[in-house]
Amino acid sequence: MAATGELPTFLAKVPAGEIVPGATSYGAPREDVPVVPAMADGKTLGWVFLTSDFVSTTGYSGKPIHTLVGLNDDAVITGVNLVKHSEPIVLIGIPDSEIKAVTENYTGLDLKVEEAAGGSAHELDIISGATVTIMVIDDSIIRSGLKVARAIGLGGLAPDAVATGPKKIIDPDKKEILDWNELTGDGSVRRMSLDVAQVNAAFVAQGDAKAIARPEPGPETDTYIDMYAALADAPGIGLSLLGSAEYNNLKARLKEGEHAVLMLGRGRYSFKGSGYVRGGIFDRIQLIQDDVSVRFRDKQHVRIGEITAEGAPAFTEMDIFIIPADVGFDPAKEFRMQLLAQRAIGAIDKVFLTFDLGYRLPDSYLKSETPAPAAANGTAPQATASSVTTAAITDDAGEPKLWVRIWQTRKVDVIILGTALAILTGVFFFQMQITRSERFTFWFRIAFLTFTLFWLGWTQNAQLSVVNVLAFFSSVTTHFSWDAFLMDPLVFLLWFSVAAALLFWGRGAYCGWLCPFGALQELTNRIAKVCRIPQFEVPWGLHERLWPIKYMIFLALFGLSLYSLDVAEHYAEVEPFKTAIILKFQRAWPFVAFAIVLLIIGLFVERFYCRYLCPLGAALAIPARMRMFDWLKRYRECGNPCKRCANECMVQAIHPEGNINPNECLNCLHCQVLYQHDQKCPVCIKKAAKRKRFETQIGIAKPDTAKPAAVLDPAE
């Protein structure tokens, strides 16, 4: 296989001499691995590769960090160049030069020594504020370097031996319930305990004078951290520790090929810390198995309420972390949970150490997997486990694709959302009947928005984004696959419903009812009104000049996506959705401040962000021009003389002359409530009065001797 991926692109930007000193050019790529020789006068001086071609470690952005690395024939790193990354922590706060300076320090690192020490023979130079980024770069350089050195035999390193014989997998029938002593005794649960004295001694051994001068205070026998690990998806272990209800919830959450590790902790040091709230990634722990390294994100994290095993001690931290299916984790092989301990040596500077908790699933929880039968013609089956991807999964037994199995495991969620969409569709189709009751319409809307915010948004994280629009367009113009879009059932259902709603009602069906951040704005504004916070109406002339801003933002993001989808995604942070909904405000303060400022403005100007800044709303409004029906009814008197609907429209989507702007309308249905309100709509009031006079004249009704109701001023 010739060099693939983005390696050729990056080679064109970095001279060979910067990666391998003395080299003047790159040679032809090898056929077996994506590596190219660095040449001088026809002689190979070293080998150059891209880390992301060999490992898939990602940082805060969730995207690979691309680094060019050079190796000589003795498996020593000759040069490193950080060529591309999408790290927001770096992009917004730390100069690129600092990160690149750290990577350049890997020059001269001997991978033979690293292999002997399990990749921990060198000292990690971490920049405060970019802990995860630096650790990911370090991990990718070491692991990919070892893979390359083994693959082409540098420094005498031998290629990995190919496993033979039957593969061992978790035995689904091993469901014996054990108590805490039995679980810890047979190795089902493994422990690492550190006291204050041990941690202080470790920092002394490291040799940093500033860290040594700031020892951990308190009695040396105090527990620094008492940490336990267990593979929770093994039925016997999961049922023993979590109980049947929590274990069944875990199994329902796990997708095909995923595993789960349970982490328990107590003591003065937290294995989670609070740093993960900044970017949704846990920077104090990682799972390491051979060349596999896994860092966990907030979406892969589940808090546990209690440990049900008899005799279990009390813990201050009980958490499950999901191991993704595509990282190559083998539950039958030994792995370790690595803890990053940190010590402050200044206002922002810290020194770091790592401690390992080893784990191996006991053989009693494993069984040998039966090899797949050979085909009738004696050849091996065409589809194998290694060919499984998230894009297409179909084995020889005719099992459904991965996305189908995902949908099957999320049946309840799909049914809940499907029911909500069906109810909302019914409300839209029978809106005239529904809106006859002002009280029912109001409380139905409040209830539906509450469901949208709490269940759809904060619980299921099903918040659509303009990034989805940009990614869809990019996929259509490159390598479109329906399977990729079907991987998240709720997001797919939302997009399908949005597409249908655009033809019938415009963008308001989503923006007004199904957007969690929109629901958050409206509900907080309702509370503000109850608290009598003054509401400000934007003058019409200014209002119609402000609403095009969101279209400008969308077009700018769309243009950036044509240049680079990564760049567009970075600037799409103009959407506060990730901060307010996905991460629930647990993020770096600039993002949180931005979202809170928008919500505060929304307390005074209802749906401020939706009106003027939302690029997703703009993206939906453009195709919504194709809608086939006008469902919102109007009188000839609307706008002239009556302006009540226009004055009460929460987003000022009704023009002074009375017509509704479908691009801005959120389909809240309040104007339809007013349309048939016999006490608020002047047209309805006049019709009711005229009918009353007619009935009185023909003797059907007695004259109303009570004081007649005042007819509202049409100008209202």
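Before we start, one definition: a residue is buried under 20% relative accessible area, exposed over 50%, and partly exposed in between. Keep in mind that this is a predicted model.

**Exercise 1. Work out which residues of α13 are exposed and which are buried, and check the helix's span.**

Step 1: start with the length. Helix α13 runs over residues 411-429, and at 1.5 Å a residue its 19 residues should span 27 Å. The C-alpha atoms at its ends sit 26 Å apart, which agrees.

Step 2: list the buried set. That gives Asp-413, Val-414, Leu-417, Ala-420, Leu-421, Leu-424, Val-427 and Phe-428. They take up an arc of only 155° around the axis, so they fall on the same side of α13.

Step 3: look across the axis. Lys-411, Val-412, Ile-415 and Ala-422 are exposed on the other side of α13.

Step 4: recall the helix geometry. With 3.6 residues a turn, places three or four apart in an α-helix point the same way.

**Exercise 2. Classify the ring pairs Phe-329 with Phe-335 and Phe-440 with Phe-444.**

Step 1: Two numbers describe a pair of aromatic rings: the distance of the centres and the angle of the planes. A search of the whole structure turns up 31 aromatic pairs.

Step 2: take Phe-329 and Phe-335. Their centres are 5.3 Å apart with 75° between the planes, an edge-to-face pair. The cut-off for that class is over 60 degrees. Phe-329 has a relative accessible area of 11%, so it is buried, and Phe-335 is buried too, at 2%.

Step 3: now Phe-440 and Phe-444. The planes meet at 20° and the centres lie 6.0 Å apart, so this pair is stacked. Both residues belong to helix α15 (residues 438-459), 4 residues apart, or about one turn of the helix. Phe-440 is partly exposed at 43% relative accessibility, while Phe-444 is buried at 17%.

Step 4: zoom out. Ring pairs tie Phe-440 and Phe-444 into a cluster whose members include Phe-428, Trp-455 and Trp-513.

**Exercise 3. Find the salt-bridge partners of Asp-226 and say where they sit.**

Step 1: get the distances. Asp-226 bridges to Arg-191, with the closest N and O atoms 2.7 Å apart. That pair links distant parts of the chain, with Asp-226 in strand β8 (residues 223-231) and Arg-191 in strand β7 (residues 190-195), 35 residues apart.

Step 2: Asp-226 is buried at 2% relative accessible area, whereas Arg-266 is partly exposed at 26%.

Notes:
Residues numbered from 1 in each chain as written. Predicted model: local features only at pLDDT ≥ 70, side-chain atom pairs only at ≥ 80, totals over all residues. Heavy atoms only, no water. Helix = DSSP H or I, 4+ residues; strand = E, 2+ residues; numbered from the N terminus. Expected span 1.5 Å × (residues − 1). Buried < 20%, exposed > 50% of the residue type's maximum accessible area, 1.4 Å probe, protein only. Arc of directions from axis to C-beta. Phe/Tyr/Trp six-rings, centres within 6.5 Å; stacked < 30°, edge-to-face > 60°. Salt bridge = Lys/Arg side-chain N within 4 Å of Asp/Glu carboxyl O.
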